[in-house]
Amino acid sequence: MFKSQFSTGCLRLSAISIFALAMTTSHTALAAGTRAGTPIDNTATASFDGPDGRVELPSNTVSITVDELLDVTVDSSDPGDVATSPDADDEVLTYLVTNTGNGSEAFTLTADTARPGDDFDTALVQIVLDTNGNGVYDPGEDEIYVAGVNDPVLEPDANITVFIINNIPADAEDGQRAEVSLTAEAVTGTGAPGTVFDGQGDGGGDAVVGTTGADDDDSGFFIIQAASIALVKEATVLDPFGGTSAVPGSIITYSLIATVTGSGTLENVIISDPIPANTIYQTETITLEGASLTDADTADDAGAFDGTAISVDLGDVPGGQTRTITFQVEIDDEVTP
Amino acid sequence: MIRKFFTILAAVSAIFSAPALANGNIALESEIFVERITKTAGKPAVVLERPTSLIPGDRLVFVVSYKNTSPTPATDVVITNPIPAAVRFQETLDGSEQVSVDGGKNWARLEDLRIALDDGRFRPASPADVTHIRWVILEDITNGDEGKLTFRGVVK
């Protein structure tokens, strides 16, 4: 009986290393894990019947401290390219910085607007921390980031929204993209995974660089969505005799063809045209896309005539669309051909 | 017959030197090792080290060694090891243990334990639920007998 118990013990001992080799499986990426500085204390207790009755005997206590793991992730929060236009100021890209380590850690933030491979570079205005935590850039309320002064300190698993504010150059063209990246680096240090910073860990232990290298970056993108409008004016003449001569009494029908090009949308487009000298506007002759409009300047009707010029409110016109406006005038009787 | 003899011997010893033996006659030592993966000639190899510090995800091997250092036998030996709060229990080497998932109140084989869910139903207990582990050693441990008990865990 004793022999078998004893040999089992020996087997256990010799099998440790073999067992270990079999377990070289994947390292699970724990988000934060046990907080840095936490001691792992282990004490076994033997309970047995000795000569003096039941005995409870504790072993020594092994105490090992959990080090700080330095890990961070940066992710762009914008769902896709952020539309902007040439010469626009204070355009915002949004990022989320998350401490995926297990200790309280400060992070240095850097913006890079000069990424290779994109079409143009924005001008960096500033990096702003979402200090009121609402996820939206609030100028004057959210804190402007200054490296080394207000590096955000994040608890394990905590995150902060960071805004990069940009000015768009005037010479950026429709359809061009700009890449802007945000980098976060652990203030304690960065490097290859496993790099150790002796005694610099949160909680008094070492700090160890985790799988992210203790730094990360991600990019957001701007896309220029510009639009321009071209106006063409045409005239057809109908004289009183059924011909096309421009004589007193002839009716001139003007057509204004507005063509919007580009990937953007022109907003609140209003087309106006003064009535030429020596002609008389023919009332209620404004049309838009073949439909009649009134001369009265009312909210529910796009047309208007103010006595000297007609105007049509086209509202928002996306790129690639055309609007045709017509109106009629009569050549004044007093004009001598 | 043998069992009786040991009991009598123990009683005799107790009379003659009770104070010296009152603390018991088993030496118990706890050790923690960590698996580090090293690359030797391009091939990964696992080595066990005595860590001075740990990081989340580290794989630990706990070794509890016992030895009877006295002339008197210990009977009905039970060795208990609470799992440290920051460690997730994985398994023992040979499965000879009993475990508890309720802080040491109830003990059984892991496959016989279950965890109550909020909706009144139960699920089977998993290694991550284990709070305590113990070994019940059936044989008496007499002078010079020793053994090692091991289990594995991961730093949470």
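Is A:Asp273 buried or exposed? A:Asp273 is buried, at 10% relative accessibility. Here buried means under 20% relative accessible area, exposed means over 50%, and partly exposed lies in between (1.4 Å probe, protein chains only).

This is a predicted model, in which local features need pLDDT of at least 70, side-chain atom pairs count only at pLDDT 80 or more, and totals for chains, interfaces and linings use all residues. Residues are numbered from 1 along each chain as its sequence is written, chains are lettered from A and ligands numbered from 1 in the order in which they are written, and side-chain values use heavy atoms, with hydrogens and water left out.

Start with the salt bridges. A salt bridge is a side-chain nitrogen of Lys or Arg within 4 Å of a carboxyl oxygen of Asp or Glu. The whole structure holds 14 of them over all chains. A:Asp273 takes part in one with A:Lys233, and their closest N and O atoms are 2.6 Å apart. A:Asp273 sits in strand β20 (residues 265-274) of chain A and A:Lys233 in strand β18 (residues 227-238) of chain A, so this pair ties together parts that are 40 residues apart in sequence. Strands are DSSP runs of E with at least two residues, helices are runs of H or I with at least four, and both are numbered from the N terminus. A:Lys233 is partly exposed at 41% relative accessibility.

Next, look at A:Arg35 and A:Glu155. Their side chains meet in a salt bridge at 2.7 Å, N to O. A:Arg35 is in the loop between α1 (2-22) and β1 (39-42) of chain A, and A:Glu155 is in the loop between β12 and β13 (159-167) of chain A, so the bridge links parts 120 residues apart in sequence. A:Arg35 is partly exposed, with a relative accessible area of 34%. A:Glu155 is also partly exposed, at 39%.

Another bridge joins A:Arg177 and A:Asp81, at 2.8 Å, N to O. A:Arg177 lies in strand β14 (residues 177-186) of chain A and A:Asp81 in the loop between β6 and β7 (82-84) of chain A, so parts 96 residues apart in sequence are tied together. A:Arg177 is partly exposed, at 32% relative accessible area. A:Asp81 is partly exposed at 35%.

Now turn to a sheet in chain A. Its 5 strands form an open, antiparallel sheet in the order β6-β8-β13-β10-β11. The edge strands are β6 (72-76) and β11, and each pairs on one side only. Two strands pair if DSSP finds at least two bridges between them. Strands of a sheet pair through backbone hydrogen bonds, either parallel or antiparallel. Strand β10 (residues 123-129) of chain A meets β11(A) over 2 bridges, in the antiparallel sense. A:Val128 has A:Ile144, in β11(A), as its bridge partner.

A:Val146 belongs to the loop between β11 (143-144) and β12 (153-154) of chain A. A:Val146 is partly exposed, with a relative accessible area of 41%.

Finally, see where chains A and B meet. Strand β5 (residues 75-82) of chain B is mostly covered, with 6 of its 8 residues buried. Strand β2 (residues 45-50) of chain A pairs with β5(B) in the antiparallel sense over 4 bridges. There, A:Ser47 has B:Val78 as its bridge partner. β5(B) is also joined by 6 bridges to strand β10 (residues 132-137) of chain B, again antiparallel.

Leaving aside neighbours within four places in sequence, B:Val77 is in contact (heavy atoms within 4.5 Å) with residues including A:Ser47, A:Phe48, B:Ile26 and B:Trp135.
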